[in-house]
Amino acid sequence: MKQRKLGHSTLSVSALGLGCMGMSEFYAGADEEESLATLKLALDQGLNFLDTADMYGPFKNEELVGRGIKGRRDEVVLATKFGNMRGSDGSFQGVNGRPEYVRACCDASLKRLRVDHIDLYYQHRVDRTVPIEETVGAMSRLVDAGKVRFLGLSEASPATLRRAHAVHPISALQTEYSLWSRDPEDELLATVRELGITFVAYSPLGRGFLTGRFAKFEDLPEKDYRRFSPRFQGENFPKNLAVVKKVSEIARDKGVKPAQLALAWVLAQGDDIVPIPGTTRRKHLEENLETLAIALSADELARIDEVAPKGVASGERYHETALQFVNG
C-alpha cells in the first residue's frame, strides 16, 4: 500500500482512505454486515486511514467503526470529528466549538469507538461565534491528556487555518475536492502547503455523481440525501451529467472506470493530498484501490482539465442552510 505522511505528525496513512459516513446515514442502501466486511477488507489490503464523525448516524457510525476495528486497533489511523450538533432524534442543532463541548464530544467518541485515543481529531465545522483559538486550545489539551494524538480542521478558510495553526500544529485539513469541486485551488491548497498540512479530500467522486452511476434524478433512491443537493436537482442535473459523460469518454479511452479516473486525478494533484472516497461495498472498495496503480500522463491530465475546468459544476455543493457553515 502506498503511504503518504500526515502533516505535522509521526503518522503515515494509506494514499487512499475510507470515508465511513455512508455506512450509517445520508445515502440509501447501506447494509451493516456488508459495511463491516468492507472495513475488514480495507484493513486486510493495507488501507489504514478510516474517517468517521460523531454526527454520522447520528452517533451510530462511530459505534460501527469501533466494531469493525476491534482487535486491530494498531493497524488503523483513526480519524473522527466533532462540532456538528445532532439530537438523538437526528435533528441538526447547529455548530458548537465551545471548549467544554470539545471535551465532552471527545469522551463520548472514545466510548463509542471503544478506543483509548483518537489519532486525528477534527473540528467538523468552524463555530463562527467562538474564536478558533479557544476551540483549538481545548483540542490541544486533549493531546496533552493523551486522548488525541494530532489535530485537524474541516471546511476552514485559509485565515482560520493560520490562526488555528498558530495555537497548535494542525496536521490535516479536510475539505471537499474533486473534478467538480475545485475551489481549494483558489487559495486553500497553497495555504496548507505553505504550512506543511496534509489536505484530506472528501467526496472525491462528487457524492457518486462522477461514477456515472446516475443517468437521471429518478435514479436516486427515495430519502437519499443527494435528492436535496443542488447539483443533483433541476437543470443542474443534466448540465453536470454532460460533464460526467465527457470524463467517462476519457476513462473509456484509458481503459478504466469513470470513478477510477476521477480518483486518479485527485491523487495526481500532489503527494500531500489524501482522498477518502466513501463506500459501503467491497466491490467498490476494490475498484477504488485499483486506482493506486493508475498513472495519468501530462496529456491525459490536460484533456481532463479541458472538460472539467475549475468552476465547471452547475449548482452549489450544499443547500443554502448548510452552505453557511463551510469555509469558516
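This is a predicted model: local features need pLDDT of at least 70, side-chain atom pairs count only at pLDDT 80 or more; totals for chains, interfaces and linings use all residues.
The structure has zero disulfides. A disulfide would need two cysteine sulfur atoms within 2.5 Å. For Cys20, the closest cysteine sulfur belongs to Cys106 and sits 18 Å away, so the gap is too far for a bond. Cys106, for its part, has its closest cysteine sulfur in Cys105, at 8.8 Å, which is again too far for a bond.

Cys106 also turns up where two helices meet. Helix α3 (residues 99-113) packs against helix α4 (residues 132-144) at an angle of about 35°, and their axes are 8 Å apart. The crossing of α3 past α4 is right-handed. From α3, Pro99, Val102, Arg103 and Cys106 make the contact, and they meet Glu134, Thr135, Ala138, Met139, Arg141 and Leu142 of α4. Sorted by class, that contact comes to six nonpolar residues, one polar and three charged.

As for the strands, eight of them make up an open sheet with parallel pairing, in the order β3-β4-β5-β8-β9-β10-β11-β12. At the edges are β3 (18-19) and β12 (273-275), each with pairing on one side only. Lying across β9 (148-154) and β10 is helix α5 (residues 158-167), which runs at about 160° to β10.

Terms used: Residues are numbered from 1 along each chain as its sequence is written. Side-chain values use heavy atoms; hydrogens and water are left out. Two strands pair if DSSP finds at least two bridges between them. Helices (H or I, at least four residues) and strands (E, at least two) are DSSP runs, numbered from the N terminus. Contact means heavy atoms within 4.5 Å. Axes are lines fitted to C-alpha atoms, for helices over the stretch in contact, and angles run from 0 to 180 degrees between N-to-C directions. A crossing is left-handed if the near helix is turned anticlockwise from the far one by less than a right angle, and right-handed if clockwise. Ala, Val, Leu, Ile, Met, Phe, Trp, Tyr, Cys and Pro count as nonpolar, Asp, Glu, Lys and Arg as charged, and the others, Gly among them, as polar.
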